[in-house]
Amino acid sequence: MIRLENVTKTYRTRRGPVNALDNVSIEVARGEFVVVRGPSGCGKSTLLLMIGGMLRPSSGAVLLDDADVYALSQRERNRLRATRVGFVFQMFHLVPYLTVIENVLLPNARAVGRDRALALLEQLGLADRALHRPGELSAGEKQRAALARALIHRPAIVLADEPTGNLDPENAAGVFGHLADYHKSGGTVVVVTHGGDGDVHADRVICLRAGCIEA
Ligand code: ADP
């Protein structure tokens, strides 16, 4: 489902090139739950953004369902991302002036009904927070709202960047539990994290260090 072929990413900065990923090849099968682990700065976010069609590699190819993501037009790539992929971030990235349900429906208001959003919020234990704004939520609730936003369009793949980085252990376990439920329902999950959390749910753990996969 996801294939990275000899992917290298070099950021061009005023202070010279920064090598973030060095000739990385990874395959993730449909329905797999993969954790990519490594210390801060090893290239995890870079890897995830590339899989999600948001960052073009300097060389190499990223394939989703055999489509070369960066050979597509911008429009096709946006469509692929909007229909096939859900993102979860460490800092939640909820829109502060919208309610929880508005946040969840934001990219999909026309395609997905309010009932589906409410059912999902119920499933995530947030039914009574649907009309609250993110500022009125705990960190755990914010991340579950972000998870609802990521899952609302029934994506084939969920990409999560340190999804529990700002959560206490109990809420972290809750978020991983919901990711595991999505996985059990047939979803493909890639989580990048510097910690060991999530390993219990993973089919496979890939270790990344200084832009390279560790054997
Ligand atoms: P991680 O997610 O594992 O912390 P990142 O993928 O964010 O790692 O970063 C990998 C390397 O690339 C780091 O050395 C980081 O400083 C550098 N980097 C990340 N984003 C940029 C950017 N936009 N411009 C320049 N360097 C970057």
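Helices, of type H or I with at least four residues, and strands, of type E with at least two, are DSSP runs numbered from the N terminus. By that numbering, H93 sits in the loop between strand 6 and helix 3. Please keep in mind that this is a predicted model.

Four strands make up an open sheet, with the order 2-1-4-5 and antiparallel pairing. Strand 2 (16-28) and strand 5 are the edge strands; each has a single partner, so one side of each is left without a neighbour in the sheet.

Going through the pairs, strand 1 and strand 2 run antiparallel to one another and are joined over 9 bridges. Within this pair, R3 has E27 of strand 2 as its bridge partner. Strand 1, which spans residues 2-13, also pairs with strand 4 (residues 59-64), again in the antiparallel sense, over 5 bridges. Here E5 faces A61 in strand 4. Finally, strand 4 meets strand 5 (residues 67-68) in an antiparallel pairing over 2 bridges, where L64 stands opposite A67.

Helix 1 (residues 44-51) lies across strand 1, strand 2 and strand 4, and it runs at about 120° to strand 1.

**The ligand and its surroundings**

Which residues surround the ligand? The shell consists of Y11, T13, V18, A20, P39, S40, G41, C42, G43, K44, S45 and T46.

| Residue | Part of the residue | Distance to a ligand oxygen atom |
|---|---|---|
| G41 | polar backbone atom | 2.7 Å |
| G43 | polar backbone atom | 3.1 Å |
| T46 | N or O atom in the side chain | 2.5 Å |

On its own, the ligand has 560 Å² of accessible area, and the protein covers 62% of that. Strand 1, strand 2 and helix 1 are the elements that give two or more residues to the shell. Helix 1 makes the largest contribution, with 3 residues.

Most residues other than glycine have a negative phi. Against that background, two residues of this model deserve a look.

D65 has a phi near 50°, a positive value in a residue that is not glycine. D65 belongs to the loop between strand 4 and strand 5, and the hairpin of these strands has 2 residues between them. With 33% relative accessibility, D65 counts as partly exposed.

H93, the residue we began with, has a positive phi of about 55° although it is not a glycine.

V95 is found in the loop between strand 6 (85-89) and helix 3 (100-105). Leaving out neighbours within four places in sequence, V95 touches N103, L106 and P134. The C-alpha atoms of V95 and L106 are 9.2 Å apart, with the two residues 11 places from each other along the chain.

Is H183 buried or exposed? H183 is part of helix 6 (residues 169-184). Its relative accessibility is 17%, and because the cut-off for buried is under 20%, H183 counts as buried. Not counting residues up to four places away in sequence, H183 is in contact with G31, E32, F33, V189 and D203.

Note on methods: Residues are numbered from 1 along each chain as its sequence is written. This is a predicted model: local features need pLDDT of at least 70, side-chain atom pairs count only at pLDDT 80 or more; totals for chains, interfaces and linings use all residues. Side-chain values use heavy atoms; hydrogens and water are left out. Two strands pair if DSSP finds at least two bridges between them. Contact means heavy atoms within 4.5 Å. Axes are lines fitted to C-alpha atoms, for helices over the stretch in contact, and angles run from 0 to 180 degrees between N-to-C directions. Buried means under 20% relative accessible area, exposed over 50%, partly exposed in between (1.4 Å probe, protein chains only). A residue is near a molecule or strand if one of its heavy atoms lies within 4 Å of it. A polar contact is a pair of N or O atoms within 3.5 Å; within protein, one must be able to donate a hydrogen and the other to accept it, and residues adjacent in sequence count only if both atoms are side-chain atoms. Accessible areas come from the Shrake-Rupley method with a 1.4 Å probe; for residues, only the protein chains shown count as cover.
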